[in-house]
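Work through the exercises below with the sequence and the model open. Each task is followed by a solution in steps.

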Amino acid sequence: MCLLAVLSIGTVLLPRVSYTYAKGEKEKAEAYLEKALHYSLFIAFPFALGLSAIGAEFAPLFFGSQFQVTGHLIELHAMMILPMGVNGIFGALYLLPTNQMKRYTLSVVCGLFVNVLFGFVLVWRMGVFGAVINAILTEAVVATFQVVSVSKQLDLRRLFRGWLKYGLAAVVMYAAVRLLGTITGATIGGVLLQIAVGIAIYIVLSLFLRPPAVQDLKRLLKTKAS
């Protein structure tokens, strides 16, 4: 569900971006791309680290105590949200609308190659944890390939500006939520408290650090209010 929320940004904006590129309005289309990436990172970081932070308490509460290992899998697997969020922007909102099917296909093929190459070894040596690591590695390779392939076409420094602020806010949130989880344990009230505290910390830190997505939201709210 968290992953779908992140990927929905690219899905919603795809028709608008494709139409803008078709009209030849490249600068306007890239402005949409920049906003989409910032909003994607803005929610991908807290979703990934937040889900990872509550995994150990959520799994035994939701599935039962015999599924404690599932909590550790959630902690690890949640990290896949980050590279998939990047894939959803550069793949769906740039490579496809600009008809760069060869680059897009190559990124998928590279991911498939890595998945097969490392899959057997990781699963054989680490079991289900190896499968999770392989899935994250595959998505990371696809994301890296797509970003590198467009590095000469787009200003990546401008596109990724502020990503450290999203990451910093999410890491601080993760540390606080993880610490709270060790205190409250696997209880309904404890997990709900973890979620509430995590959301509050991330919002407060985002308002303090003022990453691009937050600044854009403030401008939007001021415009609507006026």
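Ala, Val, Leu, Ile, Met, Phe, Trp, Tyr, Cys and Pro count as nonpolar, Asp, Glu, Lys and Arg as charged, and the others, Gly among them, as polar. The model is predicted, so local features need pLDDT of at least 70 and side-chain atom pairs pLDDT 80 or more, while totals for chains, interfaces and linings use all residues. Residues are numbered from 1 along each chain as its sequence is written, and side-chain values use heavy atoms, without hydrogens and water.

**Exercise 1.** Describe the lining of the second largest pocket.

Solution. A pocket is found on a 1 Å grid over the protein atoms alone: it is an open set of points where a 1.4 Å probe fits, with protein on both sides within 12 Å along at least five of seven lines, and lining residues have an atom within 4 Å of a point.
- The volume, the space filled by probe spheres set on the points (joined across faces, edges and corners), is about 270 Å³.
- The lining consists of Met 1, Cys 2, Leu 3, Leu 51, Ile 74, His 77, Ala 78, Met 80 and Ile 81.
- The elements giving two or more residues are α1 and α3 (68–77); helices are DSSP runs of H or I with at least four residues, strands runs of E with at least two, numbered from the N terminus.
- By class, the lining has eight nonpolar residues, one polar and no charged.

**Exercise 2.** Describe the largest pocket.

Solution. 
- The volume is about 510 Å³.
- Of the 22 lining residues, Pro 46, Phe 47, Met 173, Gly 198 and Ile 199 are the closest to the centre.
- Two or more residues each come from α2, α8 (163–184), α9 (188–209) and α10 (212–225).
- Helix α9 gives the most, eight residues.
- The classes are 17 nonpolar, four polar and one charged.

**Exercise 3.** How do α1 and α2 pack?

Solution. 
- Helix α1 covers residues 2–22 and α2 residues 26–63; the angle is about 180 degrees and the axes are 10 Å apart. Axes are lines fitted to C-alpha atoms over the stretch in contact, and angles run from 0 to 180 degrees between N-to-C directions.
- This makes the two helices roughly antiparallel (an angle over 145 degrees).
- The contact has 14 nonpolar, two polar and four charged residues.

**Exercise 4.** How many helices and strands are in the chain?

Solution. The chain has 10 helices and zero strands.

Conventions. Angles under 35 degrees count as roughly parallel, over 145 as roughly antiparallel, 65 to 115 as roughly perpendicular and the rest as oblique.
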